[in-house]
Amino acid sequence: MQWDNIYIAGLGVYLPEPVAAADAVAAGEYDAEESEANGIISVLVEKEKAAPEMAVLAARDALSHSTVEPSDVSLVFHSSLWYQGVDMWPAASYVARYSVGNLATAFDLQQQCNAGVGAMDLAASRLAFEQGGAALLTTGDRFCLPGVDRWRTEQGLPYGDGGAAMVLSTEGGFARLLSTATVSDNGLEQVLRGPRFHDTYQPGPLDISSRIAHHFENHGGMRASTVRLADAVRSAVTQALADSKTELSQLGGVVIPAAGRAKLDWQLSQLVGVEEHQTTWPFARTHGHLGAGDQFAGLRHLLVEGVVTAGDRVLIVGGGAGLTCTCAVVEILGGLPAATERTWPQ
């Protein structure tokens, strides 16, 4: 889908302190061989704040570095992978309440790692339909035991904690959203389902790697699933680039999902001509996989570090279990706005 007059007006993060992978290896928490293969230097670890609290702080950071007032935001999408601190409770309503107030429409999105970029697609559609306004997109996750072992839950994908946020507006911003494209292959939902359903909740730690292994052993092997995954990613990338009238060679940067070295190499193989230094790999290897927040935090990193500047176009690649893959192309118009004072809802 090609977009007109949809802008990125704000980007914000809450990023806790990193814990070195070498320290995790020394403590017996992370396999030494996998650490060597992944190339992950550190991941972020939050010791106190719940996931929605981090999302609120990221939202306030994004709004502070924008021209959008909290009261101007009418729509909030909150995305997450894991437990939000309370059972059977709408985390999005909490994030909206303490970021922009009680009247914004708030929804939780649960499309796994793709939810953040998917929210860009959904919010752009809503803003275009309403012909104006602003939307706040947030993510937040805290991965900890006993539910999630950040170093072992999924092979090749150490998890990091944090919150990230993006503000979309029809009234202008430092980047313009040119296009989004979403491609799905629901036949791949079983990759992470495992061998059976359960009558009651199964306490962790989660073992996603064993679910993936079960799928490969019982549903056509690794190659068949990898081909389907590659087809979905390639289709979403191709469509987003075509709709924005952009060639891969014209990109100044690419935001990719955070992963270990092996998955990075696979991602780059789908983006022929894109150099590693143009991607968010340097950020990912020091922060870990931030769930649905990789893309918002990654785009902010490219801007802050000067990897991309005014005039550059950036491809944002999302993907998550389901399978759903959303890609977006944005044009950078300027740098991140300086912070301004805001009054926050209490």
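At 32% relative accessibility, R193 counts as partly exposed, a class that lies between buried (under 20% relative accessible area) and exposed (over 50%), computed with a 1.4 Å probe on protein chains only. The structure is a predicted model, in which local features need pLDDT of at least 70 and side-chain atom pairs count only at pLDDT 80 or more, while totals for chains, interfaces and linings use all residues. Residues are numbered from 1 along each chain as its sequence is written, and side-chain values use heavy atoms, with hydrogens and water left out.

R193 meets E189 in a salt bridge, a term for a side-chain nitrogen of Lys or Arg within 4 Å of a carboxyl oxygen of Asp or Glu; E189 is partly exposed as well, at 34%. The whole structure holds nine salt bridges, among them those tabulated here.

| Salt bridge | N to O distance |
|---|---|
| E189 and R193 | 2.7 Å |
| R150 and D161 | 2.9 Å |
| R342 and E69 | 3.9 Å |

R342 lies in the segment after β11 (324-332) and E69 in the loop between α3 (51-64) and β4 (73-79), so this pair ties together parts that are 273 residues apart in sequence; helices (H or I, at least four residues) and strands (E, at least two) are DSSP runs, numbered from the N terminus. R342 is buried at 13%, whereas E69 is partly exposed at 37%.

D161, placed in the loop between β6 (134-141) and β7 (162-169), is buried at 0% relative accessibility, and R150 is buried too. The side chain of D161 also reaches the backbone nitrogen of E46 at 2.8 Å.

Notes: Polar contact = N/O pair within 3.5 Å; in protein donor to acceptor, adjacent residues only side chain to side chain.
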